Amino acid sequence: MATDRPRPPEPSYRGGQLRFTLDEELTEAVEETARAVRATPFMVTLAAWQAVLMRHSGQEDVVVGVPTAGRERSELEPLVGMFVNSVVLRTDLSGDPAFGDLIERVREVTLGALAHAQVPFERIVRELQPERDLSHGPLFQVQFGYRNVPAHEFSLPGLSVELVDLDNGTCRTDLSLELGVHGATTVGICEYSSDLFDETTVRGFTDALVRVLRRGTADPSLRLTELLALTDVESDELNAVGDGPALPVDVADIVDTFAATVRTRPDDEALITVVGDERPVLTYRELDALVDRVFRRLRAAGVKPGDRVGLCLRRGAELPAAMLAVLRAGAAYLPLDPDYPAARIQYVIDDATPTVVVVHAATRGVVAGEVPQLDLDMAQEGADQADPDEPRTVPDPDSVAYVIHTSGSTGSPKGVVVRRRNLAAFLAAMDDAVGDGEGSATWLAVTSASFDISVLELLWTLSRGHRVVLSPDTGPRPRTPEPSGAPDFSLFYFASDAAQTASGPDRYRLLLDGARFADTHDFSAVWLPERHFHAFGGSYPAPSVLAAAVAQVTDRIGIRAGSVVMPLHHPVRVAEEWAVVDNLSGGRVGLSFASGWHVDDFVLAKDAYDDRQARTLEGLDQVRRLWRGERVAFEAPGGRTLDTAVLPTPVQAELPYWLTSSGSPETCRRAGEAGARLLTHLLGQDVDTLAQRIAEYRAAWQQAGHAGDPHVTVMLHAYVGDDPDDVQAVAWQPFRNYLRSSIGLIDNLARGLGMDVTAADFTPEDEEALLDHACARYLRDGSLIGTVDQCLPLVQRLGAIGVSEIACLLDFGIPTEAALAGLSRLDDLRRSAARNPVVTSAANTAEDTFDTPLTSLIQAHGVTHLQCTPSRARTLLDEPAPEALRSLRRILLGGEPLDAELVRRLAQHTGAELRNMYGPTETTVWSTTDVLDPAGTVTIGRPIAGTTVRVFDPHGRQTPVGVPGELYIGGAGVTAGYLGQPGLSRERFVPNPLPRMP
């Protein structure tokens, strides 16, 4: 559900209560509808309530708990006591059903659940073993009840007796709605958790329920899209905050605004560059003269309006001058950062086919190939002579201003085509958002021209008369794709069929023979899990024991635990056992640490479950210290504290260690903060989501200041066959069985498909259909199950998002002989990937380090304004003179997620206005902005002038306030699309979902 406040780690159970009434007419309409569709009023009202929950959660699989009396058996009738049980009702609201059809779904679910109402809720939880979280109850967080039995009336002699509903100020769930028929009306009481909701929000829920019931009972053929449509008042409120201010009627082109600035302040300082210890300064008159010289060189080189011109220049005065000169010529500039890898530069040139590339002495030789080059440091006869009769170019507003390529983190870089009208609108919007009424300011420009936020730093500032300090080349620039080798390959074991494998040495044949193969074929490691009490992984209760066996049959490969469930073990025992393996293997041990998956595993450490995450991090630190030879204090008998060291001394001075994550952003960040390597998988997350998790992990690593490079290991199921028929025959059914045997794995895969179901809730037929769908999807997009040619693109894509190692899970039910035979083809895939190196892409928002501290430039030149990414802002705080930030009047932060802690840290060092800026390159830099309160919540704010934003659900409906959905951005900043990719442009640049949305 969309909540007013973040969910606390543990609920306080403080609650409020809201009352409302379904009038006589609506109560009768509910009963008539129930009779018409052979249902009950309970089912009708539950259908409406689940529709409201769907609308305010963004989920189409809606679960509620319903209390039942628990007195179905006649022998319980005379007994006094509490027999109430909770029945879980799960309804599928997908497909935009009509209200009558939804009631039918609810009826079937309800009858099926009530047929098993005698099964205790606690037993269901125990059998399903859902992932537990102290912040909420298992299986459901919303409760629903309906009473249509008249309240029992009783009297006492001499007393007047009245039943009163009391508000005890508590709520045990997120929401609890109870409806009760009182005479001809229905009274509703909605209890809510005060930790999560305000009364006004809950009032919105109940008002929506009444609307759905009125609309649905009046016409059961209405679909949910129509039933849940926002009211005009709600739409108007959302549209009011989603529409930015109006732009001026006549927005001037940048060439005209720059010319006006030159005329009005010719002798003001325009640009300060940093060349070693020198700080040359250009006035606006001098900058205009430089722009004119470059403009004439472009004309002499044959550049015409509409051409694309590459700019491969160092960060000096010629860079902004060339940008302005290209625009003056009516052409479009194409930024080519000379510090980018040669492969990236060549890709952009091949994609954009510039007429000419502008270079100078410092960048000669950077651009390869046959593209014409214009060297500004080489004389060109007649180019510097102005033609007084040459007519001034009047650019077309729909012509292209620049083409800027995205980072390529989700595929090949895409050239975004930004028109002159987009650029003019953005610059005018910045006048409204960040323009200073006090006159000119001094801006520090720190961003590569290949990163779109440079448009504000260079073009907006210089066309508005500000003073710009241009940071040197060693300043921050987007970290772009760099050539990289293919990910390492390792082997991973999990043994899903322990209960079906005969006891004896053959149980571990695949492990040992596979390890021997990997050892002699340049694989990097063998991973061993820790699993308990279930056939799924049951052959691996003691990874250190099996690791010792692997050490005896191998000479080179790493031997790794994937993973040690740290809360189940004493740190001393972990360090001792693996130190033995490190000695046996000659120093090849690595450990990944996990907090555990199943509550039953904690029979080994019954008090460790509730705080298992904290115990994992604490135990990891203790194991590492023991590994180094440090003495660590532990509690001993008698209340003593014993400083403990372990033997034998391991071979490796430092323990290579990983944290295991199923895709949780918090775990990924913890791994980065701790300097740990990361072990994860593609179950329940796709490659794009994994790319985000890797970016968060790397950002946390860099922010924490750890040395070396972060390392990401991704586990994938692997069987490489000779041909598709071989793959189908050998791997398809074992993989289906593997999914079926996994506790919770079916649920994870289903959530990845947008279904959010558990296998136990399905009929056998439903489960088979889900398994077929999951197999097809996962084998296609998330595994190395296929031929070499089929699997290679995924290996390359994983390498491109920063995966360091692919751990190939072999034992998911394939016969041992087939799995061993497939190793040679898996090695073929490894070698093929090595021969076709990938391009490693990091987010276009990351920045490189500075040789010249920014704080020194801020102090030296009286900088008042700065725009940078949150990552760069963090490094500013770590520079030698963070007090320099006190001179700043405004800091713009954007290009990356911004957290409240950074805002608070910045506010401690500066009184500057802090602004969060948000917007994709496809909408011309920024689309929304918000002035930040250091004590408040970080949001992306409101739209800038000329921009409209809306949030829609998958059916194209506007979502209510606080409900997640997909952000649509419209207005003057929306660019022309992707260069040379009309299909992708049509997919991403869609028609207006609402008529009123510009």
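Guide: Let us start with S563, which lies in strand β20, spanning residues 558-565; strands here are DSSP runs of E with at least two residues, helices are runs of H or I with at least four residues, and both are numbered from the N terminus. The model is a predicted one, in which local features need pLDDT of at least 70 and side-chain atom pairs count only at pLDDT 80 or more, while totals for chains, interfaces and linings use all residues. Residues are numbered from 1 along each chain as its sequence is written, and side-chain values use heavy atoms, with hydrogens and water left out.

The bond that joins G562 to S563 is a cis peptide bond, with omega at about 25 degrees. As background, most peptide bonds are trans, and most residues other than glycine have a negative phi. A cis bond also runs from L647 to P648, where omega is near 0 degrees, and P648 sits in the loop between β23 and β24, the latter covering 657-660.

Staying with β23 (residues 641-644), we find that this strand pairs with β22 (residues 632-635) in the antiparallel sense over four bridges, where pairing means that DSSP finds at least two bridges between two strands. Within this pair, A633 has D643 of β23 as its bridge partner. Five residues separate the strands of this hairpin, and in it G638 takes a positive phi near 80 degrees.

Positive phi values also occur in residues other than glycine, and R38 is one of these, with phi near 55 degrees. R38 belongs to the loop between α1 (24-36) and α2 (41-55), and its relative accessible area of 71% makes it exposed; exposed means over 50%, buried means under 20%, and partly exposed lies in between, using a 1.4 Å probe and protein chains only. Q129 likewise has a positive phi, near 50 degrees, and is placed in the loop between α4 (121-128) and β4 (142-147).

Finally, consider helix α10, residues 318-328, in which 11 of the 11 residues are buried, so the helix is largely enclosed by the rest of the structure. Among the buried residues are E318 and R328, together with L319, P320 and M323. After α10 comes G330, whose phi is positive, near 80 degrees.
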